[in-house]
Amino acid sequence: MMIIPILFFILATCKNSYNNIMSAIKIRRAEKEDCPRLLALIKGLALYEKAPEEVTVTLSHFEESGFGNNPVWWAFVAEEEGTIHGFALYYIRYSTWKGQRMYLEDIYVDPQMRGKKIGAQLFERLIVEAKERKLQGMVWQVLDWNEPAINFYKKYNATFDNEWVNCAIAF
């Protein structure tokens, strides 16, 4: 009959360890001082997406764009003991069909910190933010080969659009 108390002890210990990890991660709004670390994480994301040479934004432009007189992006960071392990960066876009919507530009978690629900915490904070701003929804892109991300978004009942083709022009 000692098995049940031992099992409860093991389950409680595992749950407490998980809760300690979760409580150690703090999701907060990004600040200008976070920009060098955010840019380093963005470069990590570009490397993961097999396009490291595509990150050409300068730190000063990045800072001005997020914290200047007319910010065009906002972000949340996942921080633990002063170290930023992940971020979610967004801006507001306008759809003539739907109205104002949040556009999730990037969400990224350091590879060594994955599997700790940090991405979920960031994503859920974005959902709260969109609802608080009374936006009509949230949209984003995901690479078709990024199965971990696709499976993550499926957990939120996201819809995937196979009709639209991404277009861009560079100056």
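1. A friendly start with the surface: the chain exposes about 11900 Å² of accessible area, of which 56% belongs to carbon and sulfur atoms. Accessible areas here follow the Shrake-Rupley method with a 1.4 Å probe, and for residues only the protein chains shown count as cover. Please keep in mind that this is a predicted model: local features need pLDDT of at least 70, side-chain atom pairs count only at pLDDT 80 or more, and totals for chains, interfaces and linings use all residues. Residues are numbered from 1 along each chain as its sequence is written, and side-chain values use heavy atoms, with hydrogens and water left out.

2. On the overall fold, the chain has 5 helices and 5 strands, in the order α-β-α-α-β-β-β-α-β-α from the N terminus. These are DSSP runs numbered from the N terminus: helices are H or I with at least four residues, strands are E with at least two. Of the 171 residues, 36% count as buried; buried means under 20% relative accessible area, exposed over 50%, and partly exposed in between (1.4 Å probe, protein chains only). Among contacts (heavy atoms within 4.5 Å) between residues at least 6 apart in sequence, 57% join residues at least 24 apart.

3. The largest nonpolar core has 22 residues, and Leu104, Leu122, Leu126 and Tyr153 have the most contacts inside it. Strands E2 (74-80), E3 (83-95) and E4 (99-109) each give two or more residues to this core, as do helices H4 (118-132) and H5 (147-154). H4 provides the largest share, 6 residues. A core here is a set of buried Ala, Val, Leu, Ile, Met, Phe, Trp, Tyr and Cys residues joined through side-chain atoms within 4.5 Å.

4. On cysteines, the structure holds 0 disulfides (pairs of cysteine sulfur atoms within 2.5 Å). Cys35 is buried, at a relative accessible area of 0%, whereas Cys167 is exposed, at 74%.

5. A surface feature to look at is the nonpolar patch of Tyr48, Leu143 and Trp145, with about 240 Å² of accessible area together. Patches are made of residues with over 30% relative accessible area and no salt bridge; like charges are joined within 9 Å and nonpolar side chains (Val, Leu, Ile, Met, Phe, Trp, Tyr) within 5 Å. A salt bridge is a side-chain nitrogen of Lys or Arg within 4 Å of a carboxyl oxygen of Asp or Glu. Tyr48 sits in helix H2 (residues 35-48).

6. Glu49 lies in the loop between H2 and H3 and is partly exposed, with 32% relative accessibility. Glu49 touches Leu143 and Trp145, not counting residues up to four places away in sequence. Glu49 and Leu143 are 94 residues apart in sequence, yet 8.2 Å apart in space, C-alpha to C-alpha.

7. Finally, two backbone angles. Most residues other than glycine have a negative phi. Lys50, in the loop between H2 and helix H3 (59-67), has a positive phi near 65° and is exposed, at 61% relative accessible area. Lys117, in the loop between E4 and H4, has a positive phi of about 70° and is partly exposed, at 43%.
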